[in-house]
Amino acid sequence: PCAAVIVRRRLPPGGRVSIRFLLGFAARETAALRYPSLAWKQTAHTMLVPRLRTPDRALDLLCEWLPRQILACRINARTGFYQCGGAWGFRDQLQDSLAALWLDPAVTRRQLMRCAAAQFEEGDVLHWWHALTGAPPRGVRTRCSDDLVWLPFAAVEYADFTGDAGVWEVRVRWLSGPPLAQEEQERYFEPDRTQHADTLYEHCVRALDRAMTAGEHGLPLIGSGDWNDGFNRVGEQGRGESVWLAMFLCMTLERFAPVCARRGDEGRAQRYLAAAQAYRRAADACFDGDRFLRAYLDDGTPLGRADADACALDSLSQSFAVLCGLPPEKTGPALDTALRELIDRRSGVIKLFTPPFDHNERRVGYIASYPSGVR
């Protein structure tokens with residue numbers, strides 16, 4: 001479905017006119033006819049946002065504006081100047097919905113169910129998808145490794161914050177479709193949906209069980225990318241590993257184990273805690289002088305060494321080393337290094353990593369296709 005609207009106006013010099021466009025979709029005609037007034041009410045009264053009064057006027061305005069921007073741009077429209085796809089991203093909107101916890105936890109709860117419904121019986125998920133009301137999703141099934149961890153992380157964050165223990169019992173149907181063949185990195189298609197449903201808890205543990213892999217260094221396999229999609233060739237042959245994902249898994253497994261224990265799933269709880277400790281040790285071993293490495297390529301080449309021509313320092317593995325509780329005698333120097341090398345005060349920029357990749361570094365992935373410093 002596609003819609004376009006053109007309004008022609010002839011303005012005199014200095015004239016002004018206000019034009020409002022409102023495009024929407026509904027599954028039934030009656031709903032479509034009601035849509036304009038309904039949508040305008042939702043747009044005008046999206047979220048109850050507290051007003052701050054501090055000595056910093058800019059802070060006051062940001063705290064009032066950003067929650068509305070998250071809901072309007074990242075959840076409802078799913079578009080922006082940098083990406084105009086309108087798709088649901090599995091990890092993207094889960095992260096965005098967590099920002100609504102303080103103001104409207106129902107936003108987070110709805111997103112948990114929406115993402116659980118984009119999960120295959122095998123535990124993996126659609127990395128992104130488009131779906132109109134009442135229609136099956138069409139999206140891309142990938143080997144992206146971190147998607148699997150965001151659902152349980154966001155679910156336990158929501159449950160702990162709200163005390164809504166009933167969320168674990170909500171039953172959601174699965175997607176069904178042929179798994180990726182050995183030579184496939186991704187596939188865009190329209191999967192089927194199963195008739196049977198399982199609890200959100202089952203969706204989460206199936207994702208975690210699939211995510212808990214280990215390569216030569218004891219780190220989880222990076223697959224066709226982790227939080228940085230542009231690293232899609234780091235583990236193209238199935239051996240590349242992610243240091244950052246080990247840290248994120250460590251955090252999530254430790255948070256999720258008590259959920260398992262409270263449900264009488266003691267064996268799984270103990271297995272998750274043991275895996276978290278193993279990932280912690282593997283990540284700790286990746287400290288390299290004054291920084292933590294970012295990843296290992298298929299051939300064992302480390303990403304994030306100080307003498308590297310590109311990505312000598314990546315912010316994710318420095319910050320998550322702190323968040324997952326690695327020793328202060330290592331995280332302290334790592335943060336000092338990040339502060340020194342990643343913050344460009346003249347440009348007002350905090351870099352994701354430095355130096356950027358050039359076009360000769362194609363073996364790490366499509367990140368090298370961008371102009372230096374753009375992505």
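A residue is called buried when its relative accessible area is under 20%, exposed when that area is over 50%, and partly exposed in between, with a 1.4 Å probe and only protein chains counted. By that scale Arg280, placed in helix α8 (residues 266–284), is buried, as its relative accessible area is 18%. The model is predicted, so that local features need pLDDT of at least 70 and side-chain atom pairs count only at pLDDT 80 or more, while totals for chains, interfaces and linings use all residues. Residues are numbered from 1 along each chain as its sequence is written, and side-chain values use heavy atoms, with hydrogens and water left out.

**Strands and sheets**

- Helices (H or I, at least four residues) and strands (E, at least two) are DSSP runs numbered from the N terminus, and two strands are taken to pair if DSSP finds at least two bridges between them.
- Strand β3 (residues 138–142) is mostly covered, 4 of its 5 residues being buried.
- β3 pairs with strand β2 (residues 126–130) in the antiparallel sense over 4 bridges, and 4 bridges also join β3 to strand β5 (residues 186–189), again running antiparallel.
- Arg141 of β3 is the bridge partner of Leu126, and Arg141 also stands opposite Arg187 in β5.
- An open sheet is formed by 3 strands in the order β7-β8-β9, with antiparallel pairing.
- The edges of this sheet are β7 (241–242) and β9 (302–303), each of which has a single partner strand, so one side of each is left without a neighbour in the sheet.
- β7 and strand β8 (residues 295–296) run antiparallel and are joined by 2 bridges, and Glu241 has Tyr296 in β8 as its bridge partner.

**Cysteines**

- A search of the whole structure finds 0 disulfides, a disulfide being a pair of cysteine sulfur atoms within 2.5 Å.
- The sulfur of Cys144 lies 13 Å from the closest cysteine sulfur, that of Cys115, which is too far for a bond; Cys144 is buried, with a relative accessible area of 8%.
- Cys324 is likewise in no disulfide, the nearest cysteine sulfur being that of Cys250 at 4.9 Å, and Cys324 counts as buried at 5% relative accessibility.

**Two arginines and their contacts**

- Contact here means heavy atoms within 4.5 Å, and for Arg280, leaving aside neighbours within four places in sequence, the contacts are Cys250, Glu254, Cys324, Gly325 and Leu326.
- Arg239, in the loop between α6 (200–211) and β7, counts as partly exposed at 45% relative accessibility.
- With neighbours within four places in sequence again left aside, Arg239 is in contact with Leu221 and Asp298.
- Arg239 and Asp226 are separated by 13 residues in sequence and by 14 Å in space, C-alpha to C-alpha.

**Nonpolar surface patch**

- Val5, Val7, Leu11, Val17, Ile19, Phe21 and Leu23 make a nonpolar surface patch of about 580 Å².
- Patches are made of residues with over 30% relative accessible area and no salt bridge, with like charges joined within 9 Å and nonpolar side chains (Val, Leu, Ile, Met, Phe, Trp, Tyr) within 5 Å; a salt bridge is a side-chain nitrogen of Lys or Arg within 4 Å of a carboxyl oxygen of Asp or Glu.
- Accessible areas come from the Shrake-Rupley method, and for residues only the protein chains shown count as cover.
- Val5, found in the segment before α1 (29–44), is partly exposed, with a relative accessible area of 44%.

Conventions:
Areas by Shrake-Rupley, 256 points an atom, 1.4 Å probe, with all protein chains shown as cover.
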